[in-house]
Amino acid sequence: MIPAQFEYLAPTTVPEAVALLGQHADAKVLSGGQSLITVMKFRLAMPPLIIDINGIPDLNYIREQDGWLRIGALVRESDIDESTLVRDQYPLLHDTSRVVADPLVRNLATLAGNLAHADPANDHPATMLAYRALVAATGPQGTRTIKIDDFFVGLFETALTHEEIVTEVRVPVPTPRSGGAYLKLERKVGDFATVGVAVQLNLDAGSRVQQIGIGLTNVGVTAIRARRSEDLLRGKAIDERLIAQAGQLAAEDCAPSADLRGSEEYKRNMVRVLTMRALNRALDRTKAQEKERHQ
Amino acid sequence: MTQKITVNLNGADTTAEVEPRLLLVHFIREVANLTGTHVGCDTTSCGACTVLLDGKAVKSCTLFAVQANGRKLMTVEGLAQDGKLHPIQEGFHEKHGLQCGFCTPGMMMTAYALLRKNKAPTDDDIRWAIAGNLCRCTGYVNIVEAVKYAADKMSEPAAAGGAA
């Protein structure tokens with residue numbers, strides 16, 4: 001499949017790239033390209049101008065700073081997978097990057113692009129909802145941060161203006177006694193999630209849930225926050241009964257549509273089951289981390 | 001409108017005028033005339049088009065040739081040296097790692113990238129690494145054996161080979 005013709009420019013600074021976006025209303029930004037090039041081949045997108053940001057230096061970093069894990073726009077999924085900082089401190093993010101598409105795609109695909117593409121079937125949106133992340137977007141007026149809850153506006157639609165580029169994703173540095181997990185049900189490696197569930201939580205000194213985030217993948221027009229499940233668990237010491245209730249609420253609050261991956265009923269039930277399992281795994285990890293601290 | 005690109009392809013610079021929309025796999029097959037790299041699904045699923053871009057295994061059907069400008073590209077034709085099969089190629093031969101052979105170039109490039117990072121991969125490591133390469137003859141068992149054969153061969157002291 002051959003994409004439609006386009007002009008190709010590779011600016012070397014963010015301001016240059018932003019200026020180009022300002023000059024061309026239908027231009028698209030190319031980072032990992034693993035979604036964009038595919039939709040261009042299907043001619044679902046026919047941008048007249050491609051702005052390749054891969055040659056912009058200083059967008060490839062993963063570092064903790066001022067209470068946030070900062071991930072630059074050109075960080076690939078494979079970089080996240082191989083980061084010992086992420087593996088040790090951000091198990092939810094590590095889980096997620098390891099199940100995006102397949103290893104070859106992950107060598108190019110970026111976290112920032114995964115969010116900017118705003119496909120509800122992508123894995124990171126739910127994870128970033130669970131983390132309560134921030135998206136840093138740079139436009140003609142400089143850089144602003146967008147709360148993840150305000151970022152996904154609709155199907156393939158974000159709060160970004162046409163002239164803005166996602167330059168950084170920020171994940172809060174986890175507090176002590178915290179843990180997370182991402183579980184994805186997929187028919188085979190490389191497929192989009194039938195259902196995915198992201199959980200991030202932390203416990204207070206009395207082992208009650210202090211803060212919790214639960215995000216759901218591919219069961220709505222955007223990734224969904226399982227708000228009632230979060231509200232149920234916040235402030236409580238989690239037990240099996242509460243976990244079962246939280247799973248049930250998530251199943252009720254999602255909005256899956258039937259497709260080749262399953263019926264609506266099946267997907268709701270899988271949301272219920274995976275929510276329970278992700279909660280259990282997040283709790284197990286929280287406890288394991290605590291044990292390590294005391295040793 | 002075309003753009004001039006220079007790609008270091010298997011060690012030699014290749015320069016061409018290409019349209020920006022030319023996919024990297026078509027550049028390799030139709031401009032550089034190296035047809036070992038295959039087009040399978042053409043939708044980023046099968047991995048038959050896998051090549052190494054600056055040492056990383058990527059699907060060349062989902063990159064534009066202009067993105068490879070100034071970079072190093074290695075295809076299956078870059079494996080054998082001086083008429084001698086690379087241990088990975090030898091492994092696929094010895095262990096019957098192919099039936100129809102369509103996925104083989106991609107499998108070998110992914111294996112090459114794996115073995116550069118992990119000299120002694122377990123079965124699980126290999127299966128994880130080739131998860132983006134599909135073999136529709138379902139010959140995965142022998143493919144894993146072939147990669148292990150190559151790993152063993154490459155870790156032999158003599159494997160450096162060639163020079164005195």
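1. The crossing of H2(B) and H5(B) is right-handed (the near helix is turned clockwise from the far one by less than a right angle). The contact is made by B:Pro87, B:Ile88, B:Glu90, B:Gly91, B:Phe92 and B:Glu94 of H2(B) and by B:Ala146, B:Val147, B:Tyr149, B:Ala150, B:Lys153 and B:Met154 of H5(B) (contact: C-beta atoms, placed from the backbone, within 7 Å).

2. This is a predicted model: local features need pLDDT of at least 70, side-chain atom pairs count only at pLDDT 80 or more, and totals for chains, interfaces and linings use all residues. Residues are numbered from 1 along each chain as its sequence is written, and chains are lettered from A and ligands numbered from 1 in the order in which they are written.

3. Helix H2 (residues 87–94) and helix H5 (residues 140–155) of chain B pack at about 135°, with axes 8 Å apart (axes are fitted to C-alpha atoms over the stretch in contact; angles run from 0 to 180 degrees between N-to-C directions). Helices (H or I, at least four residues) and strands (E, at least two) are DSSP runs, numbered from the N terminus.

4. In helix H1 (residues 24–31) of chain B, B:Leu24, B:Val25, B:His26, B:Phe27 and B:Ile28 are buried (20 or more other C-beta atoms within 10 Å of the residue's own). These residues pack against strands E2 (12–18) and E3 (50–53) of chain B.

5. In chain A, 5 strands form an open antiparallel sheet, ordered E4-E5-E10-E6-E7 (strands pair if DSSP finds at least two bridges between them). Strands E4 (62–65) and E7 (142–147) stand at the edges, each with a single partner strand, so one side of each lacks a neighbour in the sheet.

Terms used:
Buried ≥ 20, exposed ≤ 12 C-beta atoms within 10 Å, placed from the backbone. Contact = placed C-beta atoms within 7 Å.
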